[in-house]
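The following account is intended for a reader who is meeting this structure for the first time. Please keep the sequence and the model in view while reading.

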Amino acid sequence: MSFSEVISQTLGNPGMISAVSSSIIIIMLGFFLTKKGIFTKETSKVLSTVVLSVAIPALAYNAFMNDINSDSLREGMNILIWGFVMYIMLIFMSKLFFLKFKGEKKEVLEILSVFGSTTFFGLPIIGAVYGPIGVMYGSIFNISYRVFLYSYAYLKLSNIKFSTDNLKKMFLNPIIIATFLGIFVWMFQNFLPQVRVNGETYAFLRIDQTATWLHSPMVFLARLCSPLAWLAIGSKLAEIPFRSAVESKEAWYYSFIKIIIVPTVNILVILLLTVTNILPLSFISLAAVVIMMATPPATVAVAFAINSDKEAVMTSNCSLISTVACVAMMPVWIIVLELISHLGVFS
């Protein structure tokens, strides 16, 4: 298949086009409703809270309601390992990206380039484009993100010792609880007490088969994830003044590193690891990683920097410009990923 044929097939994929257009249109709707005063300044915060405490946990748990086999188990373990390797690698690489900066500015830019909004931005897009399997692998990948975000990033930006309170935030987060519970059910479903449904046996915690009365509302909650997250993003964009951010050279340079360079590094390294069979990943895993890496800085990391009074203005500018860049570049990355899928390297 020629390059032009791949492009034509990709752009003609109604599912992909619908997912991308939906995200852009709903983000614009959130922006418009806020500018018109229909959404208040508190709306973005409320929507974000609902997404992070209810919708994404439901999305994460539901994603693991799948049968397990040796291939999917191996893929899950590989994406988990890659998550830890990748964050360690990026922590060191980020120091090279920002060599020309000094002091706190350099430190903040390094942290913001490593930790993106993988949960709030990444998972809704992954779910819309690549479905439950993409969300499942993305959720497994995100375990390492949470570990480093609430340890390394917190220590670097707050300049205080790691606390038990932070451990609680890490492990008692609804998303982490839902992810670990989902992983447990998925991995050990053949060893849990079984229930017979329509002639087949399933683990009793496979609620998609054994308790549809409970699974159905969770499906509805999971479906809220993408539209509410996109409305919140648009609403947040409408609240931030553009002028100072647009004039910030640091914000533009940071956005280039975060939205383009970091995902590209992941593609190249994953390609190498897959071709050499050192740590092979499937195309769905690659897509989940790239989308998660092509996101603006994590809200928690931004909050760490602002609360510690470390380059608060620059941090806000970086967040705004990279958010706009993310919205603009996400369709491009999805097209790039579709082109990569035709290389014949990934399963």
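The model is a predicted one. Its chain contains 15 helices and two strands. The radius of gyration is 20 Å, close to the 20 Å that the globule rule gives for 347 residues, so the chain is as compact as a globular protein of that length. Of the 347 residues, 52% count as buried. Among contacts with a separation of 6 or more, 81% are made by residues 24 or more positions apart.

The crossing of helix 13 with helix 15 is right-handed. On the side of helix 13, the contact is formed by F283, L286, A287, V290 and I291, which meet M330, W333, L337, E338, I340 and S341 of helix 15. By class, the residues of this contact comprise nine nonpolar, one polar and one charged.

Helix 13 also packs with helix 4. Here the angle is about 30°, and the axes are again separated by 11 Å. Helix 4 and helix 13 are therefore roughly parallel to each other. Their crossing, too, is right-handed. From helix 4, the residues E75, I79, W82, M86, Y87 and L90 meet S285, V289 and M293 of helix 13. The residues of this contact divide into seven nonpolar, one polar and one charged.

S72 belongs to helix 4, which runs over residues 70–97. With a relative accessible area of 10%, S72 is buried, because it falls under the 20% cut-off. Leaving aside residues up to four places away in sequence, S72 touches D67, Y137 and W186.

P331 lies in helix 15. Its relative accessible area is 18%, and P331 is therefore buried as well. Which residues does P331 touch, not counting those up to four places away in sequence? They are V20 and I24. The C-alpha atom of P331 is also separated by 9.4 Å from that of A19, although these two residues are 312 residues apart along the chain.

Most residues other than glycine have a negative phi. N198, however, has a positive phi near 50° and is not a glycine. Its place is the loop between strand 1 (194–197) and strand 2 (200–203). Is N198 buried or exposed? At 79% relative accessibility, N198 counts as exposed.

N277 likewise has a positive phi, of about 65°, without being a glycine. This residue is found in the loop between helix 12 (249–275) and helix 13, the helix whose contacts with helix 15 and helix 4 were described above. N277 has a relative accessibility of 56% and so counts as exposed.

Methods. Residues numbered from 1 in each chain as written. Predicted model: local features only at pLDDT ≥ 70, side-chain atom pairs only at ≥ 80, totals over all residues. Heavy atoms only, no water. Left-handed = near helix turned anticlockwise from the far one by under 90°. Helix = DSSP H or I, 4+ residues; strand = E, 2+ residues; numbered from the N terminus. Contact = heavy atoms within 4.5 Å. Nonpolar A, V, L, I, M, F, W, Y, C, P; charged D, E, K, R; others polar. Rg over C-alpha atoms; globule rule 2.2 N^0.38 Å. Buried < 20%, exposed > 50% of the residue type's maximum accessible area, 1.4 Å probe, protein only. Axes fitted to C-alpha atoms, helices over the stretch in contact; angles between N-to-C directions. Parallel < 35°, antiparallel > 145°, perpendicular 65-115°, else oblique.
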